[in-house]
Amino acid sequence: MSALADLDRRVADCRACPRLVEWREEVARTKRAAFADWTYWGRAVPGFGPPDAKLLIIGLAPAAHGANRTGRMFTGDRSGDVLYRALYDVGLASRPTAVSADDGLTLRGVRITSPVHCAPPENKPTPAERDTCRPWLVEELRLLRPTVRAAVVLGAFGWQAALPAFAAAGWDIPRPRPPFGHGTRVRLAGLDLFGCFHVSQRNTFTGKLTPEMLRDVLREAAGAAGLSTEG
């Protein structure tokens with residue numbers, strides 16, 4: 001078992017945050033009517049993508065009826081529909097949709113993770129839960145460091161959680177810490193960090209984040225990582 005696969009297994013077994021454990025398991029029991037025939041994952045959700053990824057995408061936390069149901073990051077919800085469609089459009093995903101962990105989707109040079117690995121009530125993890133989960137992201141960053149050359153952070157919460165994790169994993173973060181903004185690019189030693197509005201329905205339905213805006217950030221980040229894109 002590779003070091004990253006071992007990390008993923010340990011993440012899935014984590015029960016460190018009682019509130020999150022209770023919520024993810026309650027959702028898995030009660031389900032949503034549309035998914036009544038599903039056996040929910042109901043556990044912490046590990047990262048998804050190859051162990052030699054050059055580009056890392058960092059979200060917020062799994063969705064209660066998305067990744068908490070399917071067991072794979074951004075899979076089975078509308079936020080994932082937007083993200084994977086954009087990754088497919090620029091040539092970084094093998095298919096434009098993500099419906100289940102066994103749907104055959106693969107990523108090219110990209111790994112997707114989050115600073116909080118359990119679905120939180122109302123999609124709002126507490127600062128304490130964020131900090132408790134941080135060592136998983138730090139370890140993931142250390143394992144990816146030999147190959148990762150760029151990272152896209154989705155949303156302000158992810159940005160605030162990611163910067164300390166990058167620092168703990170050995171990257172020098174400018175002081176004062178750069179603020180989040182869509183299109184922000186921060187050059188670290190050996191890695192370019194990009195800010196992007198989150199692919200939440202609140203942003204995509206209102207037009208705050210359009211598919212074109214998302215594709216533009218992904219193309220720029222892929223270029224910084226040394227990955228070719230399409231379109």
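Reader: Is Arg130 buried, partly exposed or exposed, and what is its relative accessible area?

Author: This is a predicted model, in which local features need pLDDT of at least 70 and side-chain atom pairs count only at pLDDT 80 or more, whereas totals for chains, interfaces and linings use all residues. Residues are numbered from 1 along each chain as its sequence is written, and side-chain values use heavy atoms, with hydrogens and water left out. Buried means under 20% relative accessible area, exposed over 50% and partly exposed in between, with a 1.4 Å probe and protein chains only. Arg130 is therefore buried, its relative accessible area being 18%.

Reader: With which residue do the side chains of Arg130 meet in a salt bridge?

Author: A salt bridge is a side-chain nitrogen of Lys or Arg within 4 Å of a carboxyl oxygen of Asp or Glu. The partner is partly exposed at 35% relative accessibility, and the N to O distance of the pair is 2.9 Å. The residue that meets Arg130 is Asp131.

Reader: How many residues apart are Asp103 and Arg72, which link distant parts of the chain?

Author: Asp103 forms a salt bridge with Arg72, their closest N and O atoms being 2.9 Å apart. Both ends count as buried, Asp103 with a relative accessible area of 13% and Arg72 at 4%. Helices (H or I, at least four residues) and strands (E, at least two) are DSSP runs numbered from the N terminus; Asp103 lies in the loop between helix 4 (78-89) and strand 2 (110-113), and Arg72 in the loop between helix 3 (67-70) and helix 4, a separation of 31 residues.

Reader: In which helix do Arg219 and Asp216 both lie?

Author: Arg219 and Asp216 form a salt bridge with the closest N and O atoms 3.5 Å apart. Arg219 is partly exposed at 25% relative accessible area, and Asp216 is partly exposed at 42%. The two are three residues apart, about one turn of the helix, and both belong to helix 8 (residues 211-225).

Reader: Are helix 1 and helix 5 roughly parallel or antiparallel to each other?

Author: Helix 1 (residues 3-12) and helix 5 (residues 127-144) pack at an angle of about 170°, with their axes 10 Å apart. Axes are lines fitted to C-alpha atoms, for helices over the stretch in contact, and angles run from 0 to 180 degrees between N-to-C directions. Angles under 35 degrees count as roughly parallel, over 145 as roughly antiparallel, 65 to 115 as roughly perpendicular and the rest as oblique. Helix 1 and helix 5 are therefore roughly antiparallel.
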